[in-house]
Amino acid sequence: KLSCSYKGNISFHGDDSLVLTYGTVVPSTVCITENSVSMMLPFSPFSSISFVKGKRTLQTIDYPVQFSPFSPPEDITVDFATYTKDMSLMLREDLTGTLKLDYYLEVGASVCERARIQFDFSPLKKPIEDSVKDTERTKE
C-alpha cells in the first residue's frame, strides 16, 4: 500500500467530465468520465495512460532508453494495452469521494503489471499549530 497527498484542483468540463490537476512545477492531470479515466503523468514512465471500464485499450508511448552511458537517451516506441476489470467513482456533492481502478497492463504478449489503485478526494488537513504559544508558557 502506497499513500501520498497532493494539493490539487477539481473542475467540471461539460456535463460528465471531471478534471483533477495536482502538482506545482509540471502538473499531472486526471480526466474522469462515467466509464473512463485518462491520466497525464509527466514524471511517470507511462506518462499518458487511459482506462476504459470493462475494455482492453491499446496505447502507444515514447519511452526514453539510454543505450550508452556517454550519450543522451533515445526515445523508443512502446505499444502496450490496459485492461480495466473494474472502475468505480463515488463522489459526493462537496467533491470528496473515491475513484477505484482494478486493471492489468500488457506489454507485448506479457502481463507486466496487475494493480488495484484508489484515489481519495478529501480536503487537506489543517496544519498542526503549536499547542502552547510562547506567550502562554508558564514557569515551572
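**Strands, core and a buried loop residue**

The chain has 0 helices and 9 strands. Helices (H or I, at least four residues) and strands (E, at least two) are DSSP runs, numbered from the N terminus. This is a predicted model, in which local features need pLDDT of at least 70, side-chain atom pairs count only at pLDDT 80 or more, and totals for chains, interfaces and linings use all residues. Residues are numbered from 1 along each chain as its sequence is written, and side-chain values use heavy atoms, with hydrogens and water left out.

Visitor: Why is Thr96 called buried?

Guide: Buried means under 20% relative accessible area, exposed over 50%, and partly exposed in between (1.4 Å probe, protein chains only). Thr96 has a relative accessible area of 10%, so Thr96 counts as buried.

Visitor: Where does Thr96 lie, and what is Thr96 in contact with beyond its neighbours within four places in sequence?

Guide: Thr96 lies in the loop between β7 and β8. Contact means heavy atoms within 4.5 Å; with those neighbours left aside, the partners of Thr96 are Met90, Leu91, Phe121, Ser122 and Pro123.

Visitor: What makes a set of residues a nonpolar core?

Guide: The members are buried Ala, Val, Leu, Ile, Met, Phe, Trp, Tyr and Cys residues, joined through side-chain atoms within 4.5 Å. The largest such core here has 20 residues, of which Val30, Ile32, Val37, Met39, Phe51 and Leu101 touch the most other members. The largest share of this core, 4 residues, comes from β8.

Visitor: How many of the residues of the chain count as buried?

Guide: Of 140 residues, 25% do.
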